[in-house]
Amino acid sequence: MTTTGTEAPVPTSSAAAGIVMADRPLAAAGERLRLLLAAEAARLGRPAPDVACLGDADTLAPRPEDSLDARARATVHLTADAVLVGPWGGDGTADGTACGVCLAMRWQRLRGSAQRGALEAGSGTTAAGTWPLPTAALATAVLALHQAVTGPTPPDSGLTGGDRRLPRVTRLDLATWHTVTVPLLPEARCPGCPTAGAHPEPEPGLALISRPRAAHAYRLRAPESYDLPAVALANPVCGALAAGVRTDLTSPTTAPVAGAVLLRTSTGLTEMTWSGKTGSFRRSRDLGLLEGLERYASTLRQSLVSPLVASYDSLGDTALDPRDCGVYAPETYAAETRLRPFDPARPIPWVTGWSLRDQRPVLVAQRSAYYFEGSDADAFVDDCSNGCATGSCLEEAVLFGLLELVERDAFLLSWYGDTPLTRIDLDECGRPSVRALLDRAELLGYGLHVLDTRADLPIASVAAVAVRRDGGPGHLSFAAAAALDPAAAIDSALAETLTYLPGLAARVAARPDELEAMAEDFTLVRRQDDHPALFGLPRMAAQAANYLTPSATVPFASLRADRPEGPHDLRDDVRRCVDALAAAGHDVIVVDQTSREQRRLGLRTVRVIAPGLLPMDFGWSRQRALHLPRLRTARPGAPDRPLRLVPHPFS
C-alpha cells in the first residue's frame, strides 16, 4: 500500500493503540484512520464516520452484540488494499437497505481459499511486514468521499435495472486512489440487520393455484423479464454470487457465461459454480445468475430459525425416512470415515416439506433438503442438486423440479439396467432449433442422436448422445431431459450435449493416464467431472452399446402422450405428474427453499423429493441407485437381467 501527503498531528491515544495492537497491524491502521477521520471531522464541524476493518477477523462467525453493533454502524471499512465507503443510498425499503455487517459478509465470501481458511478455520493471519499507516491526506480524501456519497444529493452511480434500487459501496484503491462504485445486495442471513431475522419460514401448506400458460410454453416469464441486479450479484467488491462473470468468446457452439463463489459447508470450503449457455451472452448471463441464485438457496438454509433436531424414531410417520431416498453400500461407510450410516435413533436436523400426494406436512432430513448443509450427526449421504428448481411461481418451480427427477431416474434406469433403447427420428420433430443443433455438432465432427429412455412413467424422457466421427479423444458426450412437450425434451437434451463438446477432447488429453486408470478400476471415479471425462476415452464406447446401436428407430410421434384438450395450466401439469408418480408408488414432497433475495425478484425455489426414484450421484462408490428396489421393479423385461455395473457418463 502506498499513500502520499503530509502527516497531521494525531492524538496521543493512537500511539498507544499502535503499541497495544502491534500483533494486529490492520487493526492498528484502522484505529489510526478512525482517529484521523475524527480529527478532520472535528476541524470541519462534521460528525465522524464509524470505522471497521475487513480481513483480520472472521465476519461470518457469531460475534458479541456490542461488536456486531459497531460493525453494523460502520460506513468506512479498511482492507489490505482499499477503503470501502458505504453502504450508502438505496431506495430505503427493506431490500434497499443494508448495514456494515452485510458488506463484511459479502466481502469475505469473495476472498480466496487461503485467506478464508485463515480467517474461518482459526489459524489467523500474520503480517508480512510493517504496515504503512494511513496518512492525513488519505483521511481527508476518505472523509470527502464519505460526505459526497452520504450527503443530501449523492452522486449518480449510473446503475440500471434491479441494481438501481440497492444501497451502494464505493471502493477507494489505496495504491492508485481510483474509485469504483458497486451495488450491495442485502445479506439475507445478516445478524446485524433488523429485517434479516424476519425472513419467513416456509408456509405449513403449499397450495397450488391456477397458472394459465400458452400451449407450448411451460415457463411463464423469460429470463430477461426479471429485474436482476446483475452488478450486485457479480462484482469484485461485494458480489453475492461471484467476483465477476467469465465469458467464453471462443466457444463455437454457444455463448457461455459462468461464475463461482466459495461457500463454507460441512466439509470445508466448496466452490459453488453457475453458468448459462445459450446463443446470446446477455441471455446466458441472466440464466447463469438465475442458476446461481437457485444454487445459493438450495445449498444452505437461508432462515435464521433453527431447524428441529430429533431422531427419526421419535418422529414416527410425520417424517420421511431418509433410507427411502437411498443410502450407500456398507463398504462405502467403512471406507469413508467422514460418512456415517443413517441411525434412526440419532438426533439430526429436520425441515418442513409438503406432500403433494397426501396433502400433509412431512419432515425431511435437512441433509436431504439442502445439499451443502450438514454435520457429523447427519453425514449419511452427500446429495447434489437433484430436484432443485426455480420458477416465477411455486407451480413452475415444482414442475421443473419434478421433471429433473424424472429425467435422471429414466437415464439411470436405462444405463444401469442396460435397457434396449430406440432412436427417435429427428426429421419428424419439426423444430428448426433441432436442425441447427445437429448442424453445429457436425461442424465439430460429431454426430448427434436421441434415444427414448421412458420406463414406467408417461412423461417424455430422452437421452442425447454425441459421437465423435473419427473415433478420437472426447469420443462420447451424454445428456438427458424430460418434458411434457416431447419436442422440448429433445431440444433441451441436444442443447445440453452440445455445450460439453468444445474442449472435451482437450480435457481428456490433459489427463490420459488418470482416465485410463479409471477405465481399469472404476473405484477411481470419485468426482463429478470424472464421469463425463471417462467416456471421452474411445475405449469406453464398448460400455455404452445400447446407446450407440439402438434396437430400432421410431417416429417422433411415439413420444407423445395423451393430453387433455382445453385450457393449459401449470397447476394441472403438476397434478398430472404427481398422479403419475403416485400410480408408480412414489410420493412427491416439496421443500420451499426460496431465499429472501429471490422473493424480492419474484422467484420461487424448491427442492422436490420423490422417494424411491433413482437419484443421480457422483463417485462410483456412492451410487445409491444400485441399491434401490426401483432399479429392478421398473425395468422393462426380466427383473433378474444383469445390471451394467459401470459408472454413468452424466455430468
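## Exercises on a predicted model

Three strands form an open sheet in the order E6-E7-E8, with antiparallel pairing. Strands here are DSSP runs of E with at least two residues, helices are runs of H or I with at least four, and both are numbered from the N terminus. This is a predicted model, where local features need pLDDT of at least 70, side-chain atom pairs count only at pLDDT 80 or more, and totals for chains, interfaces and linings use all residues. Residues are numbered from 1 along each chain as its sequence is written, and side-chain values use heavy atoms, leaving out hydrogens and water.

**Exercise 1.** Describe the second largest pocket.

*Step 1.* Start with the term: on a 1 Å grid over the protein atoms alone, a pocket is an open set of points with protein on both sides within 12 Å along at least five of seven lines, while a cavity is a set where a 1.4 Å probe fits but cannot get out; lining residues have an atom within 4 Å of a point.

*Step 2.* Give the volume, the space filled by probe spheres set on the points, with grid points joined across faces, edges and corners. For this pocket it is about 780 Å³.

*Step 3.* Turn to the lining: of its 29 residues, Leu 60, Ala 61, Pro 62, Met 105 and Arg 189 lie nearest the centre.

*Step 4.* Name the elements: helix H4 (100–109), helix H5 (113–120) and strand E7 (255–265) each supply at least two lining residues.

**Exercise 2.** Describe the largest cavity.

*Step 1.* The whole structure has 4 cavities of 30 Å³ or more.

*Step 2.* The largest cavity holds about 220 Å³ of space.

*Step 3.* Its lining has 22 residues, and Cys 325, Asp 383, Asn 386, Ile 609 and Pro 615 lie nearest the centre.

*Step 4.* Helix H12 (394–416) and strand E19 (604–609) are the elements that give two or more residues to this lining.

**Exercise 3.** Which residues are in contact with Ile 490, leaving aside neighbours within four places in sequence?

*Step 1.* Contact means heavy atoms within 4.5 Å.

*Step 2.* The partners of Ile 490 are Ile 424, Leu 426, Cys 429, Val 434, Val 450, Val 462, Phe 556 and Leu 559. Well done!

Terms used. Pairing = 2+ DSSP bridges.
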